[in-house]
Amino acid sequence: MRVAAANRRSPDEAVAAARQIRKVELFRVAVAHLVAGLDPVGVGQGLADITDATIQVALDAVIRAEEARTGAPLRTDLLIVGMGRLGGRECGFASDADVMYVHDPRIGVEETAAQNQALELIKEVVRLLERPGPDPAIGLDADLRPEGKNGPLVRSLESYRAYYDRWALTWEAQALVRARPVAGDDDLAAKFIDLIDPIRWPAAGLDATQVREIRRLKARMEAERLPRGADRRLHFKLGTGGLSDVEWTVQLLQLEHAHSYPTLRTTSTLPALHGLAQARLISSGDHATLAEAWIQADATRDAAMLFRGRAVEAVPVDAREADGTARIMGLPPGSGQELAENYRRVGRRARAVVDRLFYGEPGEPGG
């Protein structure tokens, strides 16, 4: 992508060249998944790597153009931080890119001038990646930033520091569990990680009030965000034993214990789950149950998207689509009903573990 973009006359042309390569790379990952056995974890990592590279090339092109226009180096260093599935390197074929934007004024540069330049450059990166192109647009979603949609799109490193020191909420610490620099200045990336590590891996873990707050937020999400008419047993993200159930359980345990167990300090769900089992914070049976449910939801969502060519939020109920999804997942013809039945069974078992580990409800632990 860098080679293709290097000699283009404008950022638009440079990013268009990079996105042409992205289209090919997306196809390669899809084919590797369909015919060469690339597993869901490999798919997520491959798609995240492609997204990282595309964002980096777009940022580089915008910086080059700005420095050529002004005849001077940037006033501030820039960093784009992946959040959510991008931060966890768990992207799906239809995933948006959750991000936060950070800048750090260079010595002698006035804060307002640096902020204004950073904002303009980030807006240009967003424009270039979200415009129609040869590949699906990359939707950059910055809603996980401090203060959400009401907060500044871009903040300086010191502004993040001041905010987190004074105002950081429990949900923001949880969101930072998946924060991973994906593009921009390496030194600024290291400074940002140093800033957020004490927040997402708190030295004292969580107190009872914070645990109740996380549980309350998830319960509210389950009650309010499931689409009207959706079957809770089949919804990939918000359903019974779905992605959210597993991820929130893992993240709660990371917030509580990562200060004592370095293997839990990861942005990815399955490595964190493995670390919890290694540390004997969960049983091997619970580990296996949650991992199976997460992989099933992730793989089924990708398979349904590849069959239909657009985002799918739940296991298909249409017989043709269910059968096509099942075939992509390696099941024999006519397995659409089996796909749904197996999905409900695995999700039901996982939810029993979530109720016990996340919500603290009584139940027998896995073996």
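**Figure 1. Surroundings of Q251 in the predicted model.** Q251 touches Q174, V177 and R178, when residues up to four places away in sequence are not counted. The structure shown here and in the other views is a predicted model. Q251 is located in helix α10. A polar contact joins the side chain of Q251 to the side chain of Q174, at 3.0 Å. Is Q251 buried or exposed? Its relative accessibility is 8%, and Q251 therefore counts as buried, since buried means under 20% relative accessible area.

**Figure 2. Helix α10, the helix that holds Q251.** Helix α10 consists of 15 residues. From the first C-alpha of α10 to the last, the helix reaches 21 Å, which is close to the 21 Å expected at 1.5 Å a residue. How many residues of α10 are buried? The helix is mostly covered, with 13 of its 15 residues buried. Helix α10 also contributes five residues to the lining of the largest pocket, and this is the largest share of that lining.

**Figure 3. The largest pocket and its lining.** The volume of the largest pocket is about 1400 Å³. It is lined by 36 residues, of which D98, L144, M221, R225 and K237 are the closest to its centre. Which elements give two or more residues to this lining? They are the helices α4 (84–87), α7 (170–176), α9 (208–224), α10 (243–257) and α12 (284–308), together with the strand β2 (97–105). Sorted by class, the lining of the largest pocket comprises 15 nonpolar, 14 charged and seven polar residues.

**Figure 4. The second largest pocket and its lining.** A volume of about 310 Å³ belongs to the second largest pocket. Among the 18 residues that line it, those closest to the centre are R22, L26, F93, S95 and P136. Helix α2 gives the most, with three residues. By class, this lining divides into eleven nonpolar, four charged and three polar residues.

Figure 5. Helix α5 runs through residues 111–130 and has 20 residues. The distance from its first C-alpha to its last is 28 Å, close to the 28 Å expected at 1.5 Å a residue. At the N-terminal end, E110 caps α5: a side-chain oxygen of E110 lies 3.0 Å from the backbone nitrogen of T112. Which residues of α5 are buried? They are A114, Q117, A118, L121, I122, V125, V126, L128 and L129. The cover over these buried residues includes the helices α2 and α3 and the strands β1 (76–82), β2, β3 (140–141) and β4 (154–156).

Figure 6. With its neighbours within four places in sequence left aside, D298 is in contact with P40, R85, E90 and L243. How far apart are the C-alpha atoms of D298 and F358? These two residues are 60 residues apart along the chain, and their C-alpha atoms are separated by 20 Å.

Terms used. Residues numbered from 1 in each chain as written. Predicted model: local features only at pLDDT ≥ 70, side-chain atom pairs only at ≥ 80, totals over all residues. Heavy atoms only, no water. 1 Å grid on protein atoms, 1.4 Å probe; cavity = no way out; pocket = protein on both sides within 12 Å on 5 of 7 lines; lining within 4 Å. Points joined across faces, edges and corners; volume = space filled by probe spheres on them. Helix = DSSP H or I, 4+ residues; strand = E, 2+ residues; numbered from the N terminus. Nonpolar A, V, L, I, M, F, W, Y, C, P; charged D, E, K, R; others polar. Expected span 1.5 Å × (residues − 1). Buried < 20%, exposed > 50% of the residue type's maximum accessible area, 1.4 Å probe, protein only. Contact = heavy atoms within 4.5 Å. Polar contact = N/O pair within 3.5 Å; in protein donor to acceptor, adjacent residues only side chain to side chain.
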